[in-house]
Protein chains: 2
Amino acid sequence: MSVQRPSEDGLIARFFAPIAGEGALGLKDDAARLTSKPDHDLVLTVDALVERVHFLPEDAPGSIARKALGVNVSDLAAKGADPAGFLLSLALPDDWTESWLAEFAEGLGKASRDFACPLLGGDTVKAKGPLTLSVTAVGQVPAGRMVLRTTAKPDDVICVTGTIGDAALGLKLHSGPDWAEGLSPEERAHLADRYLHPRPRHRLAAALRSHASAAMDVSDGLAGDLAKMMRASGVGALIEADRVPLSGAAAKAVQASPDLLDLALTGGDDYEILCTVPEKNLDSFRKEADTVGITLSVIGRVVSGHDLPVFRINGLERRYDVGSYQHF
Amino acid sequence: MSVQRPSEDGLIARFFAPIAGEGALGLKDDAARLTSKPDHDLVLTVDALVERVHFLPEDAPGSIARKALGVNVSDLAAKGADPAGFLLSLALPDDWTESWLAEFAEGLGKASRDFACPLLGGDTVKAKGPLTLSVTAVGQVPAGRMVLRTTAKPDDVICVTGTIGDAALGLKLHSGPDWAEGLSPEERAHLADRYLHPRPRHRLAAALRSHASAAMDVSDGLAGDLAKMMRASGVGALIEADRVPLSGAAAKAVQASPDLLDLALTGGDDYEILCTVPEKNLDSFRKEADTVGITLSVIGRVVSGHDLPVFRINGLERRYDVGSYQHF
């Protein structure tokens with residue numbers, strides 16, 4: 001006996017229409033409508049997530065939804081853009097279940113409220129392969145104020161938000177490493193949560209466009225992403241590794257196993273903001289970041305030249321020439 | 001020996017950056033920038049295509065690219081929106097090749113020029129599954145002028161562009177049906193081409209927003225899509241089946257095998273525009289459609305009530321209660 005499956009329209013009406021924003025027109029039309037603010041530019045980004053590449057099959061459906069939206073909102077934030085909405089493309093494997101989809105939609109709805117980024121539209125298809133999601137996020141910035149990667153200037157200070165390396169360490173926990181034995185359950189939970197649940201810094205968008213000379217989000221590892229941004233700007237960087245902010249859990253792990261510092265600096269999934277700031281703007285930038293509850297750390301400075309960024313670690317100089325994580 | 005694969009950044013620089021539009025920032029940043037026209041709304045749509053569901057593995061890479069973009073531009077056109085750009089999310093199977101990707105990108109570039117819809121951004125990932133593409137297209141309409149599905153009114157005339165049923169017949173050709181034997185090679189090629197290469201009616205967008213009361217594109221079959229639009233508008237419809245425009249090839253096929261009329265009326269992938277037009281606008285609408293080289297056919301009329309649309313076929317009345325094609 002075959003199980004009766006709901007139609008695509010039925011799925012949309014039941015799971016997605018309740019979490020959709022106003023411009024989605026109830027998800028009943030061919031397309032969504034977005035009235036953009038006068039004198040604003042749009043910022044658009046898309047990121048795809050594939051099971052076993054970007055998340056694990058055992059991850060909770062709501063966590064997967066939150067990550068898919070979060071990584072896109074993180075891109076918008078890095079550009080100084082306020083979220084305006086998103087579209088979801090979902091390729092479901094044959095064995096999808098309604099309970100999975102219900103949890104997924106609930107998590108997506110919660111994330112969209114937390115990130116102030118309403119669902120505008122989507123497409124759901126079946127595919128004989130791993131679960132694959134693609135989110136296109138749309139943001140808005142005052143005209144001409146998008147923050148680019150290409151505009152870092154020598155002598156700008158280099159800042160990151162939050163803490164670095166937690167997600168990469170959190171992912172490593174799955175293999176049961178020795179260093180994890182010295183961590184408390186809370187510390188392990190913190191690291192695991194940072195891998196599962198990106199915390200996009202959308203509340204920093206306004207401060208970034210007012211004060212940063214260049215920015216990107218750290219998704220493929222601090223060292224590699226910094227190298228990308230510096231190369232795009234035609235400059236170099238000097239980083240004091242001991243100023244790279246680590247959480248208590250990450251610091252303890254690195255103390256137990258010093259090699260993990262490399263993982264923290266090169267591992268992916270931080271979804272923090274890396275930015276360069278002219279020194280004269282630093283105090284105001286810090287104040288605005290404080291106001292929205294985001295911690296900033298100054299980790300180094302932009303320098304002239306085209307060399308790979310230098311990390312000073314315990315008096316030695318290190319260049320990470322591996323680049324950032326590559327999907328191919 | 002493992003074969004050296006290019007990095008994602010390498011792929012983007014080589015294949016996609018050359019076909020990208022200005023707002024793509026060379027595909028080197030986290031996001032694209034789109035300066036929207038003053039006093040315009042944005043229209044956003046996303047459609048995913050999966051190998052063996054929406055296209056065949058043997059289809060040319062350039063055709064797949066053209067279809068992925070075309071079906072989205074078709075959605076924009078139906079809403080009266082002029083294309084502004086698109087983002088591509090591409091999940092490549094393990095066995096992708098550079099020559100496949102080169103042809104894909106070339107076809108995508110050509111389609112984006114033909115449809116006046118530049119590439120703004122994208123994401124490329126690997127997935128152990130069928131090739132899956134997702135395109136998000138962005139269009140613009142003068143503020144408040146998006147053409148909806150929900151606003152058809154009793155007594156409006158119902159029009160479709162071009163011809164109906166070609167693509168569904170073209171797909172059937174793969175199974176070598178008897179009726180195909182009476183067709184010339186050119187007629188078979190015409191039908192096959194209509195399946196492979198949607199012809200989005202983006203040039204009709206301005207005429208639609210000036211004259212149509214409601215519109216959608218015909219992607220899941222005329223009968224089902226008409227039923228959807230009428231239901232969304234709270235009205236019914238009376239269609240004269242012999243006024244539904246068929247190509248010479250389709251007419252010949254239907255003559256050889258009269259049952260194929262049902263396939264033509266219910267099969268998918270037409271990517272024509274179905275719209276309702278107040279009678280007083282019809283002449284002007286026709287004239288504008290002529291100007292951009294698009295054929296319009298009046299196929300029936302909107303009626304009051306909530307019944308399924310009625311198709312008059314050879315003096316009989318037929319209701320297609322199967323609805324349109326469902327992916328689930």
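Strand 1 (residues 32-35) of chain A and strand 2 of chain B run antiparallel and are joined by four bridges; helices (H or I, at least four residues) and strands (E, at least two) are DSSP runs, numbered from the N terminus, and two strands pair if DSSP finds at least two bridges between them. In this pairing L34(A) stands opposite L42(B) of strand 2 of chain B.

This is a predicted model, in which local features need pLDDT of at least 70 and side-chain atom pairs count only at pLDDT 80 or more, while totals for chains, interfaces and linings use all residues. Residues are numbered from 1 along each chain as its sequence is written, chains are lettered from A and ligands numbered from 1 in the order in which they are written, and side-chain values use heavy atoms, with hydrogens and water left out.

The contact (heavy atoms within 4.5 Å) takes 61 residues from chain A and 61 residues from chain B. About 4900 Å² is buried between the two chains, 59% of it from carbon and sulfur atoms; buried area is the accessible area (1.4 Å probe) that two parts lose on being put together, summed over both.

Eight salt bridges are found across the interface, the term meaning a side-chain nitrogen of Lys or Arg within 4 Å of a carboxyl oxygen of Asp or Glu. One salt bridge links the side chains of D29(A) and K79(B), at 2.5 Å, N to O.

On the side of chain B that touches chain A, the elements giving two or more residues include helix 1 (8-16), strand 2 (40-50) and strand 7 (214-218) of chain B. Strand 2 of chain B gives the most, with ten residues.
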